[in-house]
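Q: Please walk me through a helical fold, feature by feature. I want the general idea each time, then the case at hand.

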Amino acid sequence: MSETTVTTPEGREEAVPQTVADDVVDESGQSARNVLRRLRVPRRPRLWFEILLIAVSYWTYSLIRNAVPEQKAQALRNADWIWQVEQQLGIAVEQSVNHAINAVTWLIVGMNYYYATLHFVVTLGVLVWLYRSHPGRYAATRLVLFATTGVALVGYYLFPLAPPRLMNGGGFIDTVLVHQTWGSMASGDLKNMSNQYAAMPSMHIGWSLWCGLTLFALATVPWVRVLGLLYPTATLVVIVATANHFWLDAVGGILCLAFGYGVVRVWYGALPHALPRLVHAPAPRALVPTKA
C-alpha cells in the first residue's frame, strides 16, 4: 500500500495511505455512475406526471415557436430560395398537386380538417397506447418525440420560412381560406395565434412519421402496422396539397426525427423497440436483523 507523507504545523511528518483518497474518489465516481444507470433504466410511467409533462411541454413548445420573430421578409426570401432549389432538382410539383386536389372540393376540405386535427389526435392516441401496452418502452419513445420537437424549434429560429400558400406570386391556393375550413390555425381568424413563418422543418411529418414507425415496430396486428406506414405517407400528400409545406420541409422533419432517435440511442443504449415491453417491479431488499 503506497503512502504519502505530509508535514503538520508542528513539523512532524505523517503517512497518509494513498488508497484512502482513491477509495473516496472511486466511491464518488461509482455513486455518479449508479445514479446515471438508474436514470437510464426504464420505469413504469406515472399517469399524473405524464399528463402534466405533456401539457407543460406542448405549452412551452407553442410559446417558443410563436415567440420566434416572424421575420416575414426573410421568410419570403427563404421560400423563394427553396422553390428555386426544388425546381433545379426537378421536384417542384407542389403547385400542380395543390391545384389538382383543390379542384375536388370534398377531398381538399377533408384534407384541410386532416391537417388541422389528426396531427394532435393521432400523436396523443399513440402516446396513450404506449402508456397502456408498452410501459417499458414509453419513456424512450416519448423522448424521441420530445427531442425531435426540441430541435425543430432551433430550425424555426434559424431558418424562418413562409409556406407556399403565402409566397408572393407563387400561384398557390390557400385551401383553408378558399374553402373556409373551420378550426384551422393556418388561415382565417385563428392565424394570428400561430407563427405563420415556421414551416421548416415540418412537424406534421416529424410527428406522423414518429407515430408510423412506432406502430410499425411495436404493433402486433398486421393492418395496424400497415396503417402506421400509410399515415405519414398520407400526411405528406396533405401538407403539399394544402400548400402548407414544400417537399424539403418534410425532409427537415425527417432529419429532426433522426436526431430524436439518435438521442435515445445514446441515452438508453438501444432504440425504443429493443427495450423490454414491460417494467418489472424491483425485488424487495432483504431485511437485516438488528442486534438486541
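Q: At what angle do the axes of helix α6 and helix α8 cross?
A: Axes are lines fitted to C-alpha atoms, for helices over the stretch in contact, and angles run from 0 to 180 degrees between N-to-C directions. Here α6 (residues 135-158) and α8 (residues 203-218) cross at roughly 160°. Their axes come within 10 Å. That makes α6 roughly antiparallel to α8. The classes are these: under 35 degrees is roughly parallel, over 145 roughly antiparallel, 65 to 115 roughly perpendicular, and the rest oblique. Helices (H or I, at least four residues) and strands (E, at least two) are DSSP runs, numbered from the N terminus.

Q: What sort of model is this, and how are residues numbered?
A: It is a predicted model: local features need pLDDT of at least 70, side-chain atom pairs count only at pLDDT 80 or more, and totals for chains, interfaces and linings use all residues. Residues are numbered from 1 along each chain as its sequence is written, and side-chain values use heavy atoms, with hydrogens and water left out.

Q: Is the crossing of α6 and α8 left-handed or right-handed?
A: A crossing is left-handed if the near helix is turned anticlockwise from the far one by less than a right angle, and right-handed if clockwise. The crossing of α6 and α8 is right-handed.

Q: Which residues in α6 and α8 meet?
A: Contact means heavy atoms within 4.5 Å. From α6 come R137, T141, V144, L145, T148, T149, A152 and Y156. From α8 come M203, W207, W210, T214 and L218. By class, the residues of this α6 and α8 contact are eight nonpolar, four polar and one charged. The classes: Ala, Val, Leu, Ile, Met, Phe, Trp, Tyr, Cys and Pro count as nonpolar, Asp, Glu, Lys and Arg as charged, and the others, Gly among them, as polar.

Q: How do α8 and α10 pack?
A: Their axes are 7 Å apart, at an angle of about 50°. α8 and α10 are therefore oblique to each other. α8 passes α10 in a right-handed crossing. M203, I205, G206, L209, W210, L213 and T214 in α8 meet A250, G253, I254, C256, L257 and Y261 in α10. This contact of α8 with α10 has 10 nonpolar, three polar and no charged residues.

Q: At what angle do α4 and α9 cross?
A: The axes of α4 (residues 94-102) and α9 cross at roughly 90° and come within 8 Å. That makes α4 roughly perpendicular to α9. E94, V97, N98 and I101 of α4 and V237, V240 and A241 of α9 make the contact. The contact of α4 with α9 has five nonpolar, one polar and one charged residues.

Q: Which residues touch the most other members of the largest nonpolar core?
A: A nonpolar core is a set of buried Ala, Val, Leu, Ile, Met, Phe, Trp, Tyr and Cys residues joined through side-chain atoms within 4.5 Å. Buried means under 20% relative accessible area, exposed over 50%, partly exposed in between (1.4 Å probe, protein chains only). The largest core has 40 residues, and Y156, M203 and W210 touch the most other members. Two or more residues each come from α5 (105-133), α6, α8, α9 (222-241) and α10 (247-268). The largest share, eight residues, comes from α6. M203 is in contact with Y61, H119, T148, T149, A152, Y156, S208, G253 and C256, leaving aside neighbours within four places in sequence. A second, separate core of 16 residues includes A75, L161, F172 and L248.

Q: Is L213 buried or partly exposed?
A: L213 lies in α8. L213 is partly exposed, because its relative accessible area is 34%. Not counting residues up to four places away in sequence, L213 touches L257 and Y261.

Q: Why does R142 count as buried?
A: R142 is found in α6. R142 counts as buried because its relative accessibility is 13%. Leaving aside neighbours within four places in sequence, R142 is in contact with E50, L53 and L127.

Q: How many helices and strands does the protein chain have?
A: The count is 10 helices and two strands. From the N terminus on, the order is β-β-α-α-α-α-α-α-α-α-α-α. Of the 292 residues, 40% count as buried.
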